[in-house]
Amino acid sequence: MRPGEVLLSALRGVTANKLRSVLTLLGVMIGVAAVILLLAVGNGSARQVAASIEALGTNTLTVRPESGATAGSSTRPLTVAVTQELGRAGLGHVGTVVPEVDASATAVAGTVSETGTQVIGTTPAYFTTSTATIGSGQAFPDAAARDAVIGTTLAQELFPGQSPVGRSVSVAGIPFTVTGELAEQSSVGFQDPNSEIVAPLATVQADLSGYGPVSDVLVSATSADAVTQAEDEVTIELDQLLGATAADQPFTVNSAGTLLQTRQASAQSFTVLLAAVAAISLLVGGIGVTNVMLVTVTERTREIGIRKAIGATRGAILGQFLAEAAILTLTGGVLGVVVAVVGAQFPVDGTTPVIVWSSIPMALGVSVAIGLFFGVYPAARAAGMRPIQALRTI
Amino acid sequence: MSVARHPSAAPAPHDTAIELLGVHQVYGSGDGAVHALRGIDLRVHPGEYVAVMGPSGSGKSTLMNILGCLDVPTHGVYRLGGTDVRLLGEDELSRVRNRDLGFVFQSFNLIQRMTALANVALPLAYAAVDARERTRIASAALERVGLGDRAQHTPVELSGGQQQRVAIARALVMEPTLILADEPTGNLDSRATQDVLDLLDSLADEHRTIVVITHEDDVAARAHRVVTLADGRIVADAPRPAGAPRPAGAPRPAGPSRPAGAPRPASAPRAEDAPLRRPTGQGTR
């Protein structure tokens with residue numbers, strides 16, 4: 001038979017048992033689509049993490065006190081006074097040093113109250129060093145005034161439809177005057193940076209947090225290239241100021257670069273996890289296809305016997321089953337790719353999947369190979385039988 | 001045509017359609033081995049119409065499967081038209097089954113999801129006959145067996161007798177020299193049996209070699225020669241028991257088993273033979 005005829009007769013074979021063919025097709029389709037989609041989701045979330053960390057700025061360092069200090073440690077705590085000394089040390093690659101103290105309080109304006117609002121006490125340099133910038137109004141002066149700059153989400157909730165600038169907000173029962181509103185920021189972690197209150201350092205210490213260690217110190221390097229030197233200088237200077245050693249260090253210094261690396265590593269392991277799930281779904285899909293193919297061929301062993309008895313060669317029978325398996329698996333595979341490409345257009349929980357193009361031939365190749373092998377191998381066995389053996393099969 | 005009746009006679013090889021020498025068939029091994037055939041010597045000449053009889057378990061079907069190249073004997077020589085079948089490769093055997101043999105089974109063995117026409121055309125497809133020619137030849141074969149109007153029916157839409165006639169059309173479509181029928185009427189009622197036997201008679205009249213397995217006397221009565229098997233051996237080999245041997249091609253008297261006045265199948269005239277041409281392509285021999 002010519003190739004066209006083989007294909008035509010295979011098509012008839014495929015349509016002869018519609019339900020089974022559709023199930024096979026579905027198995028391949030779901031397997032292929034799952035692999036491509038899951039990898040796309042992992043890839044998408046990794047890219048999103050990278051993008052949001054880059055938004056942090058690449059020339060800032062974050063110094064954070066280690067909460068669980070080593071027992072018997074003789075080091076001084078990282079207080080505001082220490083950060084002021086660090087700022088005055090005149091380190092060659094360090095620009096500004098911005099201490100932050102954190103508190104959590106209830107913010108009230110009129111009848112609206114927001115519990116658990118994060119209050120950051122810091123210096124006005126915060127607005128130029130961190131990613132939080134003034135959107136409207138202005139920063140507060142560097143003094144112990146009860147002034148505050150609030151995030152956009154909080155502003156919307158406390159003063160719906162109005163500008164918050166010049167209004168009064170009560171924080172833990174203490175009235176603050178809103179001098180400005182932060183520009184909208186993208187979210188990196190679990191906390192929404194758009195619902196925080198930024199107030200002068202001295203005010204927050206006096207009214208809310210007390211005079212303990214700082215929660216964060218932002219240090220800007222003089223340029224993006226100087227981040228590594230600045231990191232070394234800050235570490236050495238702080239070791240001296242706190243009486244710490246490399247073995248007993250009550251703080252960590254992170255650059256946006258290291259943060260990026262950690263986050264990307266976690267995103268990577270997330271992708272690997274998704275890939276494993278995808279591989280399993282491909283395997284399960286493959287087993288489904290194998291099953292259907294085995295049943296199909298076993299059921300048709302008698303037909304193979306009839307065909308051999310009237311003169312079909314082994315090659316002709318193999319060609320027929322190969323063509324049937326190819327039609328089923330290729331159609332299913334291509335449908336799977338279409339489903340995955342269409343599905344990747346829709347965001348999953350805020351993450352837009354980004355298709356890893358190399359996953360398409362991989363998924364397609366594996367499922368088609370499985371389908372072809374298990375479609376053809378049992379047929380090859382049946383075609384190799386003496387016709388009478390195949391004919392005796394029920 | 002003069003036909004030698006005795007296997008002991010030694011005609012020239014090309015004058016022999018089938019030659020079996022010392023054929024044994026053993027299934028299994030050791031104590032559980034089953035000896036289905038225990039030394040069969042048989043010679044069938046071109047144009048002979050042979051019935052093989054015997055009780056069940058006598059090895060009839062095993063013999064038939066070997067003749068049809070569906071199975072290979074454990075020992076012994078099988079020459080088909082002078083060619084030793086053991087020397088043929090897998091694909092050559094397929095060609096022999098395709099071009100030189102026409103097999104009719106007790107259970108019809110039609111492919112259920114294909115129409116009668118497609119079933120009949122299938123051997124032509126494996127012989128690489130082009131599609132239009134295939135349809136023409138297969139339609140002519142269906143006409144010949146009186147089923148021209150059932151071409152588009154699938155086997156489930158046909159009666160047993162009709163299915164067997166489709167199977168005979170399929171066996172005829174490649175114009176084989178040897179037609180093998182394994183209990184062709186075993187699953188049919190008496191009316192359908194007559195139709196099938198009449199068809200076999202008309203094929204015998206065309207000097208085709210026919211071997212038919214049966215345990216029914218009225219089937220054997222149509223043959224020129226009756227070979228009886230028992231326990232894997234040939235126990236009798238004689239011209240047909242009922243009436244005198246009928247030379248092939250001579251006008252046929254109404255057989256004793258044929259009901260008086262039973263018509264031959266209306267659409268099986270021999271004039272229909274003309275369109276049944278052997279398809280293009282070379283035979284194996």
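## A first look at chains A and B

His207(B) has 14 C-beta neighbours inside 10 Å, so this residue counts as partly exposed. On that scale, a residue is buried if 20 or more other C-beta atoms lie within 10 Å of its own, exposed if 12 or fewer, and partly exposed in between, with C-beta atoms placed from the backbone. What you are looking at is a predicted model, in which local features need pLDDT of at least 70 and side-chain atom pairs count only at pLDDT 80 or more, while totals for chains, interfaces and linings use all residues. Residues are numbered from 1 along each chain as its sequence is written, and chains are lettered from A and ligands numbered from 1 in the order in which they are written.

**Two loop residues with positive phi**

His207(B) is also worth a look for its backbone: its phi is near 65°, a positive value in a residue other than glycine. You'll find His207(B) in the loop between helix 6 (190–205) and strand 8 (209–213) of chain B. Here and below, helices (H or I, at least four residues) and strands (E, at least two) are DSSP runs, numbered from the N terminus.

Glu175(B) is another case: this residue is not a glycine, yet has a positive phi of about 50°. Glu175(B) belongs to the loop between helix 5 and strand 7 of chain B. With 17 other C-beta atoms within 10 Å, Glu175(B) is partly exposed.

**The sheets of chain B**

One open sheet in chain B has 6 strands in the order 6-7-8-3-9-10, with mixed pairing. Strands pair if DSSP finds at least two bridges between them. Which strands stand at the edges? They are strand 6 (101–104) and strand 10 (233–239) of chain B; each has a single partner strand, so one side of each is left without a neighbour in the sheet. From one strand to the next, the twist averages 15°.

Helix 5 (residues 160–172) of chain B lies across strand 6 and strand 7 (178–182) of chain B, running at about 170° to strand 6 of chain B. For such angles, axes are lines fitted to C-alpha atoms, for helices over the stretch in contact, and angles run from 0 to 180 degrees between N-to-C directions.

Another open sheet in chain B has 4 strands in the order 2-1-4-5, and here the pairing is antiparallel. Strand 2 (34–44) and strand 5 (83–84) of chain B are at its edges, each with a single partner strand, so one side of each has no neighbour in the sheet.

**Strand pairs in both chains**

| Strands | Sense | Bridges |
|---|---|---|
| Strand 3 (residues 49–53) and strand 9 (residues 225–230) of chain B | parallel | 4 bridges |
| Strand 1 (residues 18–27) and strand 2 of chain B | antiparallel | 8 bridges |
| Strand 5 (residues 147–150) and strand 7 (residues 174–182) of chain A | parallel | 4 bridges |
| Strand 5 and strand 8 (residues 197–200) of chain A | antiparallel | 2 bridges |

To place these pairs in the view, start with Met53(B), whose bridge partner in strand 9 of chain B is Thr228(B). Tyr27(B) stands opposite Val34(B) in strand 2 of chain B. Over in chain A, Val149(A) stands opposite Gly180(A) in strand 7 of chain A, and Ile150(A) has Ile197(A) in strand 8 of chain A as its bridge partner.

**Chain A and a helix pair**

Chain A has 12 helices and 10 strands. Of its 394 residues, 42% count as buried. Among contacts in chain A between residues at least 6 apart in sequence, 84% join residues at least 24 apart. Two residues are in contact if their C-beta atoms, placed from the backbone, lie within 7 Å.

How do helix 3 and helix 7 of chain A pack, and at what angle? Helix 3 (residues 80–88) and helix 7 (residues 227–242) of chain A pack at about 130°, with their axes 10 Å apart. The two helices are therefore oblique to each other; angles under 35 degrees count as roughly parallel, over 145 as roughly antiparallel, 65 to 115 as roughly perpendicular and the rest as oblique. On the helix 3 side of chain A, Val82(A), Glu85(A) and Leu86(A) make the contact, and on the helix 7 side of chain A, Glu237(A), Leu238(A), Leu241(A) and Leu242(A) do. By class, this contact has 5 nonpolar, no polar and 2 charged residues. Ala, Val, Leu, Ile, Met, Phe, Trp, Tyr, Cys and Pro count as nonpolar, Asp, Glu, Lys and Arg as charged, and the others, Gly among them, as polar.

**Where the chains touch**

In the interface, 17 residues of chain A are in contact with 23 residues of chain B. Helix 1 (3–16), helix 9 (301–309), helix 10 (314–343) and helix 12 (387–392) of chain A each supply at least two residues of the chain A side. Helix 9 of chain A gives the largest share of that side, 4 residues. The side of chain A that touches chain B has 10 nonpolar, 2 polar and 5 charged residues.
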